[in-house]
Amino acid sequence: MRQAPGMTARDWALLVLLSVIWGGSFLFIKLGLRDLPPLTFVFGRVSLAALALAAYLALSGIRFPRERAVWLAFFGMGVLNNLIPFTLLFWGETRIGGGLASILNATTPIFSIILAHLLTADERITPQKLGGILLGFAGVFALIGGGLVGPIRPSMPAMIACLGAAFSYGLAGVFGRRFRRMGLAPAMGAFGQTAASSMLMLPIALIVDRPWQLPMPGATTWASLLGLALLCTTFGYILFFRILAAGGAVNSSLVTLLVPVSGVLLNGLLLGETLGAAQFAGMALIAFGLLVIDGRIFRLRRRSAPA
């Protein structure tokens with residue numbers, strides 16, 4: 001298999017590892033929600049991740065910013081990339097399986113392209129990307145279309161919530177472009193958004209969930225919380241930026257195709273979740289749409305064509 005420039009065999013292995021880690025986040029969410037309500041669980045995830053990232057930055061000798069504009073950007077990113085999508089995904093997984101949630105979350109690049117086209121001047125939708133977007137939405141319709149043409153299924157609001165999370169991630173991708181202009185280290189951006197979302201989530205969780213009245217979580221819940229915060233968030237961010245530096249945005253975006261696969265497999269093997277034909281068809285259409293958007297299959301076809 002021919003490797004893309006800049007991506008070594010080790011980088012490809014790290015890409016697969018990251019997809020397993022991020023796919024595992026849907027398993028951790030499902031396990032943790034057995035004892036904790038969504039808002040408290042979200043606060044635990046972002047606050048522990050912020051502490052771990054702060055320690056990583058301190059050990060790396062990276063200076064913490066104090067500029068007001070930077071922290072305003074952190075709060076904006078924290079809302080769009082953590083607070084809203086985490087809350088919607090966690091609530092959604094109280095009603096649908098983690099594997100299905102991971103498939104719906106894979107629509108994030110589709111929303112990113114649409115929003116970048118609408119909100120920026122330098123990223124336009126090409127005919128190729130439009131074809132991929134239409135395939136992706138065909139996959140979404142395969143997943144939730146039954147509720148649109150017949151009686152509304154109990155799972156439909158949860159699936160729409162997961163799509164709302166993907167939409168928020170897409171907004172965050174457009175909003176996050178300002179961090180490059182600010183010259184911030186990627187790990188600093190990850191710390192800033194988790195720290196800001198922790199400060200925002202604390203009063204919300206205290207008012208809505210009243211966590212001091214909840215029974216003490218079990219060992220599985222604590223392990224899931226630590227896995228989400230330290231493995232999926234802290235280590236996941238660091239690993240992603242390592243891959244991004246080595247292979248660029250195009251190669252690192254392949255993780256979007258792999259996360260649903262690992263999410264479905266992990267939740268199926270460990271929790272016994274099963275998907276029907278409609279769910280597999282939806283996943284296939286979304287994955288093919290992402291491949292069309294990426295353009296990799298067309299480049300491979302041109303390379304294999306006879307001269």
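The following legends describe close-up views of a predicted model.

Residues are numbered from 1 along each chain as its sequence is written, and side-chain values use heavy atoms, with hydrogens and water left out. In this predicted model, local features need pLDDT of at least 70 and side-chain atom pairs count only at pLDDT 80 or more, whereas totals for chains, interfaces and linings use all residues.

**View 1. Fold of the chain, with 13 helices and 0 strands.**
Helices (H or I, at least four residues) and strands (E, at least two) are DSSP runs, numbered from the N terminus. Along the sequence the pattern reads α-α-α-α-α-α-α-α-α-α-α-α-α. The chain has 307 residues, of which 49% are buried; buried means under 20% relative accessible area, exposed over 50%, and partly exposed in between (1.4 Å probe, protein chains only). Among contacts (heavy atoms within 4.5 Å) with a separation of 6 or more, 86% link residues 24 or more positions apart.

**View 2. Confidence and the stretch of residues 1-5.**
The pLDDT, the predictor's confidence in each residue from 0 to 100, has a mean of 87 over the chain, and 88% of the residues reach 70 or more. Over residues 1-5 it is below 50, and this stretch has 8 contacts in the model beyond near neighbours in sequence. Where pLDDT is low, the predicted coordinates should not be read in detail.

**View 3. Nonpolar surface patch that includes Val-208.**
Leu-202, Ile-204, Leu-206, Ile-207, Val-208 and Trp-212 make a nonpolar patch of about 590 Å². Val-208 lies in helix H9 (residues 186-209) and counts as exposed because its relative accessibility is 55%. The accessible surface of the chain comes to about 14700 Å², 70% of it belonging to carbon and sulfur atoms; areas come from the Shrake-Rupley method with a 1.4 Å probe, and for residues only the protein chains shown count as cover.

**View 4. Ala-138 and Gly-289.**
Ala-138 is placed in helix H6 (residues 127-149) and is partly exposed, with a relative accessible area of 33%. Its C-alpha atom is separated by 9.1 Å from that of Gly-289, 151 residues apart along the chain.

**View 5. Cys-162 and Cys-232.**
Cys-162 is buried, since its relative accessibility is 0%; Cys-232 is also buried, at 3%. The structure holds 0 disulfides, a disulfide being a pair of cysteine sulfur atoms within 2.5 Å.

Methods:
Patches are made of residues with over 30% relative accessible area and no salt bridge: like charges are joined within 9 Å, nonpolar side chains (Val, Leu, Ile, Met, Phe, Trp, Tyr) within 5 Å. A salt bridge is a side-chain nitrogen of Lys or Arg within 4 Å of a carboxyl oxygen of Asp or Glu.
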